[in-house]
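Please keep the sequence and the structure in view while reading.

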Amino acid sequence: MIAVDDLIELVRAYNPKTDEKLIRAAYDYGRDMHEGQFRHSGEPYFSHPVAVAAILTEQRLDDATIVTALLHDTIEDTRASYATVTEQFGQDVADLVDGVTKLTNLQLSSTETQQAENFRKLFMAMSKDMRVILVKLADRLHNMRTIKAMRPEKQLKKARETMDIFAPLAGRMGMQWMREELEDLAFRVINPEARASIIRRFITLQKETGDVIARITNDMRHELDKAGIDAEVFGRAKKPYSIWRKMQEKDMGFSRLSDIYGFRVITRQERDCYGVLGAIHQRWRAVPGRFKDYISQPKSNGYRSIHTTVSGRNARRVEVQIRTRQMHDVAETGVAAHWSYRDGVRSKNPFAVDPANWIASLTEQFDAEDDHAEFLEAVKLEMYADKVFCFTPKGAVVKLPRGATPIDFAYAIHTRIGNACVGAKIDHMRVPLWTRIKNGQSVEVITADGQTPQATWLDIATTGKARSSIRRALRELDRDRYIKLGRELARSAFEHIGKKATDKALDTASKTLRLKDRDEVLARMGSAELTAHQVLSSVYPDLAPVDGAEVRLDRAVIGLGADQSFKRASCCQPLPGERIVGITYRGRGVLVHAIDCEDLSNYEEQPERWLDLHWHAGTHPPVYDVSIDVTIGNDAGVLGRVCTLIGEQKANIANLAFLDRKTDFHRVLIDVEIRDAEHLHSVMSTLDAESHVAAVERHRDPNRIGDE
């Protein structure tokens, strides 16, 4: 437990004029009132109020708020009363303690009617004095940090309430750091397996790539020094929950997720923010659609910052936030910046928002006469910025992730409605199914008998429920074809480990995976809902290749006959990860082309020679030649720099030839040996980000007919 002298030192660090006697008196009073009380962990109960007070010192809050934190449980849990607290510590502190007590007794995660009424009380408490909410948030943060001492069912209830109510509230108030920590602490309870998995992948990534954050930070500092801008640069990996949420929203695995690192640049003056932006965009390629200027258009809670995302090292996207020190103070403490102290006086931050005005803007649309349901809808539309709340034609609320489409809406209502969807209206106007739904819109689904889901819907849908329902319907519609493809995938996968995909082996897989029968296993493999690795692991767990093991060259392509060999076409140089098709040659095996290869037009009237092929899932060796056309500046050391960048991407240069030599520029054709299409993208993105590279593109020569 933090001693009173240490707590006073924490306050004095930002407020030398603090009322030491008042804080000491509150500390002694709280300790006496909680004497004999213990937490679930066995610690003295008073250690909790002290920890809450310490959290609030990080936001440099005033003495009254610190004292309230020390006393916030006394009226509720001890013999102390409102009158005695008023007598000893004044009306201001007593009202704050009473407000926190009333908030603690609110059951925010209750039935809809109760929840609406309690949200009213929460906003009323906020409107009287925002510091009540600040103490309550700090109280919840410390409870979540020490939640392991609670019973499992209590942990889950607290975690869900934190995720649904307190974390979004902290974010809405501009306290993003607190929102992120609350979400991650709740995530640790709600889905510990997913969180542990993401942390393990982070560790693996760091072993493979080294300290990316330190390298990018140094690169940014170097660019700012060149531009003559005085600024601080900080980098960090994003929180596990933030990454998991992005994986769910984008329906992609960790390995395909790019923007998992965030960087912050703190400048001295506002004009330097735009200078930093220019320096970063000159050095790295900006990602379209990921730029926001909250300096010229601040958020309602006072948040100001420039956000941009660029393609950094190894083609990994990194998010960059640029702001001044004063803007950063508001970004860290949000609305609480109104009470922040520096050197014993209220911090005169021009960007801090008056809490009374902020609350007024938040609640001005909430009429006291509104019914509970309407009030709750309005509150949630304001509170949950990362969600979309839309309405059915009858006025029922449907909650969807941001970016959801009418397809997601239809499946959220009922699977039957989703499967029969043929169109949609938003606010009574007919719209395409790929339209993004916005907050507060009314959505109507148009259905028709006999309609079935389309494969293209998978690219439109964003929710897991919609995507799984579409896949299930498609699997049933085209089950025979999926079973046939699944059988070929199984044959290739089992042969890869020296076994055969017998009926008995597939029956064993169906039992282990708890599926109906072997045909269900094959159908799910064919529709990509089960991977070959999962099926192999269910039958031969000791023989199944470890994730990351390289695919054998003679097994790289799936769909060939038992006696057929393959070669890559030189004209299009297909790579693992790209869609491919095979053209059979008598006595020469199969020539593999990319699906968009121009040479395929020569075989349009010979369909009997076409084979539907797929690359084997997994990690391929870096042995596939691909040609890159690079235009570079004619300066000393540039070509060497380009070759070094390719080597840093773990790609080998097989050949290099000059296509054109000019006074200022050279065009070079580089043959590079790489693993797959993703590896090629990394190499090209890295070269494209190099300031001396004017252009880089993949080179395909339709005149190079033949094989390699």
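## Report on the predicted model

**The chain as a whole**

The structure discussed here is a predicted model. Its secondary structure consists of 28 helices and 22 strands. The protein chain has 708 residues, and 50% of them count as buried. The accessible surface amounts to about 34300 Å², and carbon and sulfur atoms account for 48% of that area. Contacts across the sequence may also be considered: among those between residues at least 6 apart in sequence, 65% join residues at least 24 apart.

Strands are described here by their pairing. Strands of a sheet pair through backbone hydrogen bonds, either parallel or antiparallel.

The link between E11 and E13 can be followed residue by residue. Strand E11, residues 421-426, is joined to E13 by five bridges, and the two run antiparallel. Within this pairing, Ala-424 stands opposite Val-445 in E13.

How many of the six residues of strand E17 are buried? Six of the six are buried, so this strand, residues 589-594, is largely enclosed by the rest of the structure.

Strand E17 pairs with E15 in the parallel sense and with E16 in the antiparallel sense. Three bridges connect E17 to strand E15, which spans residues 566-568; in this pairing, Phe-566 has Val-590 of E17 as its bridge partner. Six bridges connect E17 to strand E16, residues 580-585, and here Ile-583 stands opposite Leu-591 in E17. Strands E16 and E17 form a hairpin with three residues between the strands, where Gly-587 takes a positive phi near 80°.

**Salt bridges**

The structure holds 31 salt bridges. The table lists some of them with the separation of nitrogen and oxygen.

| Glu-153 | Arg-151 | 2.9 Å |

Glu-520 lies in helix H25 (residues 518-526) and Arg-479 in helix H23 (residues 479-496), so the pair ties together parts that are 41 residues apart in sequence. Both Glu-520 and Arg-479 are buried. As for Asp-660, its relative accessibility is 28%, so this residue counts as partly exposed, the range between under 20% for buried and over 50% for exposed.

Salt bridges can also link several residues. Asp-5, Glu-9, Arg-12, Glu-20 and Arg-24 are joined in a network of this kind.

**Cysteines**

How many disulfides does the model contain? The count comes to zero. The case of Cys-571 illustrates the reasoning. The closest cysteine sulfur to that of Cys-571 belongs to Cys-597 and is 3.5 Å away, which is too far for a bond, because a disulfide requires the two sulfur atoms to be within 2.5 Å. Cys-571 counts as buried because its relative accessibility is 4%. Another cysteine, Cys-390, is also buried, with a relative accessibility of 0%.

**Two loop residues with positive phi**

Arg-60 is not a glycine, although its phi is positive, at about 55°. Arg-60 is placed in the loop between helix H3 (47-57) and helix H4 (63-71). Lys-650, likewise a residue other than glycine, has a positive phi near 60°. Lys-650 is found in the loop between helix H27 (638-648) and strand E20 (652-661).

Note on methods:
Residues numbered from 1 in each chain as written. Predicted model: local features only at pLDDT ≥ 70, side-chain atom pairs only at ≥ 80, totals over all residues. Heavy atoms only, no water. Helix = DSSP H or I, 4+ residues; strand = E, 2+ residues; numbered from the N terminus. Buried < 20%, exposed > 50% of the residue type's maximum accessible area, 1.4 Å probe, protein only. Pairing = 2+ DSSP bridges. Contact = heavy atoms within 4.5 Å. Areas by Shrake-Rupley, 256 points an atom, 1.4 Å probe, with all protein chains shown as cover. Salt bridge = Lys/Arg side-chain N within 4 Å of Asp/Glu carboxyl O.
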